[in-house]
Amino acid sequence: MNELSSGWNHLRGIEPLSLCDWPGKSCCVFFLGGCNLNCPTCHNFDMAWNMERLHLLSREDMKSFLRNRAKWLDGVTITGGEPTTVPNLGEILYEVRQVSKLPIKMDSNGMLPDILEDILQQGLADMFAVDVKGPYEKYPALTGQAVTAEAAQKNLERIFELAEANPKAFYFRLTKVPILTDEDVETAKSYLPDGFELTIQNYIPPRRDHAHADNEARRPVGDLVD
Ligand code: SF4
């Protein structure tokens with residue numbers, strides 16, 4: 001598989017330092033383009049659907065950045081888009097770990113539980129931040145009709161089983177988008193296994209006219225290497 005047809009072609013952004021993507025840790029964030037959902041409230045829609053518009057970071061860019069900066073970080077966050085849709089995701093995570101020697105957190109919408117389980121079982125990530133977008137019956141509206149209520153329930157229940165078996169490796173988040181009522185939030189909370197809390201994030205409407213420019217404004221890794 002050449003680099004352009006592999007998962008490395010999805011490496012489309014980096015935040016060199018984040019204090020809010022992994023609670024309690026300072027981390028860098030790598031963005032992998034592509035998503036299996038079509039959420040109308042998406043804040044990262046170029047990353048999700050038009051990654052070709054964004055600057056491509058090479059595998060060497062990533063490794064060079066990590067070699068130089070890992071000592072200043074507590075961890076690495078892998079986000080998207082949706083990382084579980086990326087081909088050879090395991091290879092990317094493996095190289096991030098090999099080069100950085102840091103713990104890895106992966107964000108996910110939870111709709112591809114087989115892949116997430118595989119990553120967990122292989123020890124390729126240490127923490128998973130999974131979205132619970134709302135009540136199952138609102139998933140079609142929340143995801144641009146990409147997921148039925150039944151599929152959302154089936155997939156999230158698989159994730160909850162994994163979380164119950166690995167309680168230190170998961171936390172759950174909900175963004176309170178406009179179609180969600182307070183009652184919906186309570187319903188979503190009730191899905192979680194015992195001992196888990198749902199972190200509620202406020203919704204800020206995306207500024208679609210500026211989102212592309214915002215993504216392009218992320219500094220290329222080459223500028224960051226010491
Ligand atoms: S799952 Fe996340 S990245 Fe994908 S479309 Fe929805 S909000 Fe955007």
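**Group meeting: the fold and cores of a predicted model**

Good morning. The protein chain has 8 helices and 7 strands; helices (H or I, at least four residues) and strands (E, at least two) are DSSP runs, numbered from the N terminus. This is a predicted model, in which local features need pLDDT of at least 70 and side-chain atom pairs count only at pLDDT 80 or more, while totals for chains, interfaces and linings use all residues. Residues are numbered from 1 along each chain as its sequence is written, and side-chain values use heavy atoms, with hydrogens and water left out.

Of the 226 residues in the protein chain, 51% are buried; buried means under 20% relative accessible area, exposed over 50%, and partly exposed in between, with a 1.4 Å probe and protein chains only.

I turn now to strand β3. Strand β2 (residues 27-32) runs parallel to β3 and is joined to β3 by 5 bridges; two strands pair if DSSP finds at least two bridges between them. Phe-31 has Thr-79 as its bridge partner in β3. Strand β4 (residues 104-108) is also parallel to β3, through 3 bridges, and here Thr-77 stands opposite Lys-105.

Next, the nonpolar cores. A nonpolar core is a set of buried Ala, Val, Leu, Ile, Met, Phe, Trp, Tyr and Cys residues joined through side-chain atoms within 4.5 Å. The largest one holds 59 residues, and among the members that touch the most others are Phe-30, Ile-78 and Phe-172. Helix α6 (residues 149-165) gives the most to this core, with 7 residues. A second, separate core of 9 residues includes Phe-31, Leu-54, Met-127 and Ala-129.

Finally, helix α7, residues 182-191. Its buried residues are Asp-184, Val-185, Ala-188 and Tyr-191. Why are they on the same side of α7? They cover an arc of only 110° around the axis, and therefore share one side of the helix; the arc is that of the directions from the helix axis to the C-beta atoms. Asp-182, Glu-183 and Ser-190, on the other side of α7, are exposed. The buried residues of α7 pack against α6, β6 (170-176) and β7 (198-202), where contact means heavy atoms within 4.5 Å.

Thank you.
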